[in-house]
Amino acid sequence: MSKLGNLGARLHRGEISYDFVGKRKVWYGVSILITITAILGLAVRGLNMGIEFQGGAVFTTPTKMSTSVAKAEEYANEASGHQSVVQKLGNGSLRIQIAGIDTDQSDRIKQELAKDLNLDPEKLAADLVGPSWGEQIANKAWEGLAIFMILVVIYLAIAFEWRMAIAALVALIHDITITTGIYALVGFEVTPGTVIGLLTILGYSLYDTVVVFDSLKEQTKDITKQTRWTYSDIANRSINGTLVRSINTTVVALLPVAGLLFIGGGFLGAGTLNDISLSLFVGLAAGAYSSIFIATPLVADLKEREPAMKALTKRVLAKRAQAGAEEDLADRGGDDADEAAPAVVGPRSQPAARGRGRGRTPGKRR
Amino acid sequence: MAAPKRGRSASAQSKPGRSLALILIAIVALTGGMFLSGHTTPRLGIDLAGGTSITLKAKADQGSAINKANMDTAVDIMNRRVNGLGVSEAEVQTQGTDNIIVNIPKGTNSKEAQEQVGTTAKLYFRPVLASEPSGAAAKSPSPSASSSGSSSPKPSTSPSSTASSKEKASSTGSTSPTASATSQGRAVSDALKADATPSPSASGSGKPSGSPSATPSASASGGSNAAGKLQAQYAALDCTKPTDRANAGKNAKPGDSIVACGKVDDAWYKYVLGPAAVDGTEVKKAQAVFDTQGASGWQVQMTFTNGGAKKFADITGELAKKQPPQNEFGIVLDGEVVSSPYVRTAITGGQAEISGSFKQEEAQSLANMLSYGALPLSFQEQSVTTVTAALGGEQLHAGLLAGAIGLALVVIYLVVYYRGLSIVAMASLLVSAILTYVIMSLLGPAINFALNLPAVCGAIVAIGITADSFIVYFERIRDEIREGRSLRPAVERAWPRARRTILVSDFVSFLAAAVLFIVTVGKVQGFAFTLGLTTLLDVVVVFFFTKPLMTLLARRKFFADGHKWSGLDPKSLGAKPPLRRTRRPAGPVAGPADPKEA
């Protein structure tokens, strides 16, 4: 078995585990720090909006251009009268960006450029956008985002509960902030492709979160009927239990995206493929992080505020204190002894807790 | 191995063979359908096949609403325009509520089409100041009578059948003293000169033939410079050249005098036209009718709005007094004269008809143009993307290569981690891939689905989503084995839980795709569609293929005995000793009852 497989087994048995929930304050801190950095980055540096948002044209030459970047830039400036940006792409073709020109001008510029570059105008690809096109895509994207968030919160609140819906939403916003923050800080160009990538993160980030929540919901179904674990304990175990799965799914999701990024970026240079995969890559990583470190601890946090859970925590702590006094029987005892003893014996030796537990039981059992 | 105390297999394991057979039949049927229909590859989007894609956004003018009916009409016009250019397979579609996407596959006409589509659908009635056949090939073989026939009211007086074939205008008018072949050219310059003279005003009285000077337009067209320019343009205009035609009426303001081309019976004529007298939006309705009483055949009836009726009465009143060709008005759609009927009397009352020797299609087409031209929507060009086929092919190549590499990496990872189980995963991915490909191919002709670059990205990303489902299930099975169950019950027990998780998370993914698909336009929509499609297919594949296959494989010795390479070796999974259940049944809390960290 591979090491990860062993890790899975040991995580499953609880031999090793990381106290995600217990150390949540640390991770909240980390996230808040990242978020603040992201917001600062957005505020100070702003996003490097692509040409789609300002209007202009992007010309792409076929591969194997002998013309140098500087020369091409000179041609483009001359032809357009505007400052142009020329990049050499991985495959040797040139990408010439000229902002602030309109449809009428672009045709002339295209002809001129083609002549200067010694090309057949038909071979010079032009991507021409009005200033409002990117804005429209972005507006639609925000609209879609808002609708999606509302629907998903409703769905999660029904399928799970409102606390989970809120936690998932916070994690989602967190992911989006981080991703846009990274874009601002690194200065990646924002194109409609980026927006597409960002929107995809929505579904994906939630996919991960939902899997953990599903396990959490299942494991806490009869939580009030025992006194061994608090909600936080079980939440932590859910994270640890699904950790291998989370790692696997994230790796498996990132691999094709990495392929896209590598191929798109490495061989073709900037383009739709690259834009989408870059934001996906950043977003997927952020999504995996947030579902483990933010979403579930947040649910536990919210849940622990519930009176029933507070009571449970009290009972569990009291029992643990007692068990601690009786020495660590649990460590040496087998599963069954362990399982049977606390659940049954515990309450019996604590009339107060038992009474409370009994009082709640009918309500909790549907 | 562990003896399952509570074998649930019997009930849950119902006929895995049947599901497998079902999905295999479905695959065969779909693939067969694909080959039968002849669409064996997905239709490629414009960015992959090469061509031009234009996105237009509707703007509401004059309080007119952007609604579905208006948008559909606009699509009709544009379709007529791009396909009128002889561009095959150009497609015009609405997208979202106010966008129209025009895709013109690679071809030489894309630039022309772009110009045509990009211009606003505006129709004007402009008085004709001068006109003559244009270009060397003004071979109008038909005598003038018929040449004007299609565009002018049924001549009451017999068409002068003088075979002065080069001229058009004069013939239909009853009194046509001026029109000689030579006078045409002069008439133009006269008219333009008149333009320049500061006293054009009272065009009123029917002037004697000689100098058809006064035109109502003069004042509007500015100084002599403008007139000179116009004259030069007119002289240079060769309507047989497509570029000249396209440029002729371009960027004209309604108030300017313009030069324009028009086709009359396969021959091109060029015109000098005065400022717009009536706006196309003032045509309330136009329809082609067959005149049974007057026996004049097909004709086009127009109804004007109140304002339009007044203007139309004024202009026809003036035109009626003039000599040919100045008693005509040109109906100009997007800079091209689509018809140039002449006027006999002032037409009041807001009803008018254009008659001539129309064929039915001609009449209907003119009526359509009149109606369409009145369309109150104008469009703004949002983006124009031209992609050379070479570049598109390269991108597709890179996309597919990236997909292959991504898939290979996923497979390697799965093999390393899941060993034997990865066979199930790979088979499922394969089924998924086949289904996606076949369905995409079939959706091309069915709903015009075209695989564009973002859609390719969507499909590649979907590899991850599809693999996710297997991982959820496999991890569940392995958890069950760790609990000490043997494979067969583990497979069955793991399924209901994995199923729920898969459904819940796929639903979220699908929701995201659906919202994106409905809300967004263009590229994003293609991406969302692919994502939604693959999410649905994921569910189908997991339910009808992965699970039954797993059930079947669980019966094989290799897997059931937990061979070292099966990926289900209980020992290396760290299974507990066989279950010794105490009194409590497998409640959810007790189910994965592990020693917790102290």
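Colleague: What is the relative accessible area of A:D19?
Modeller: The value is 32%, so A:D19 counts as partly exposed (buried is under 20% relative accessible area, exposed over 50%, and partly exposed in between, with a 1.4 Å probe and protein chains only). This is a predicted model, in which local features need pLDDT of at least 70 and side-chain atom pairs count only at pLDDT 80 or more, while totals for chains, interfaces and linings use all residues. Residues are numbered from 1 along each chain as its sequence is written, chains are lettered from A and ligands numbered from 1 in the order in which they are written, and side-chain values use heavy atoms, with hydrogens and water left out.

Colleague: Where is A:D19 found?
Modeller: A:D19 belongs to the loop between helix 1 (3–13) and helix 2 (24–44) of chain A. Helices (H or I, at least four residues) and strands (E, at least two) are DSSP runs, numbered from the N terminus. A:D19 and A:I239 are 220 residues apart in sequence, and their C-alpha atoms are 9.3 Å apart in space.

Colleague: Which strand does strand 2 of chain A join by five bridges?
Modeller: Strand 2 (residues 56–60) of chain A is joined to strand 5 of chain A, and the two run antiparallel. A:F59 stands opposite A:A126 in strand 5 of chain A. Strand 5 (residues 125–129) of chain A is mostly covered, with four of its five residues buried.

Colleague: Turning to chain B, what is the order of the open sheet of three strands?
Modeller: The order is 8-9-12, with antiparallel pairing; two strands pair if DSSP finds at least two bridges between them. Strand 8 (283–291) and strand 12 (351–358) of chain B are the edge strands, each pairing on one side only. Strand 9 (residues 297–304) of chain B is joined to strand 12 of chain B by six bridges, and B:Q299 stands opposite B:S355 in strand 12 of chain B.

Colleague: Which helix packs on that sheet?
Modeller: Helix 11 (residues 306–319) of chain B does, touching strand 9 and strand 12 of chain B, and its direction makes about 115° with that of strand 9 of chain B. Axes are lines fitted to C-alpha atoms, for helices over the stretch in contact, and angles run from 0 to 180 degrees between N-to-C directions.

Colleague: At what angle do helix 2 and helix 14 of chain B cross?
Modeller: Helix 2 (residues 16–37) and helix 14 (residues 421–447) of chain B cross at roughly 35°, and their axes come within 10 Å. Residues of helix 2 of chain B, including B:I23, B:I27 and B:M34, meet residues of helix 14 of chain B, among them B:V431, B:I434 and B:L442.

How values were computed: Contact = heavy atoms within 4.5 Å.
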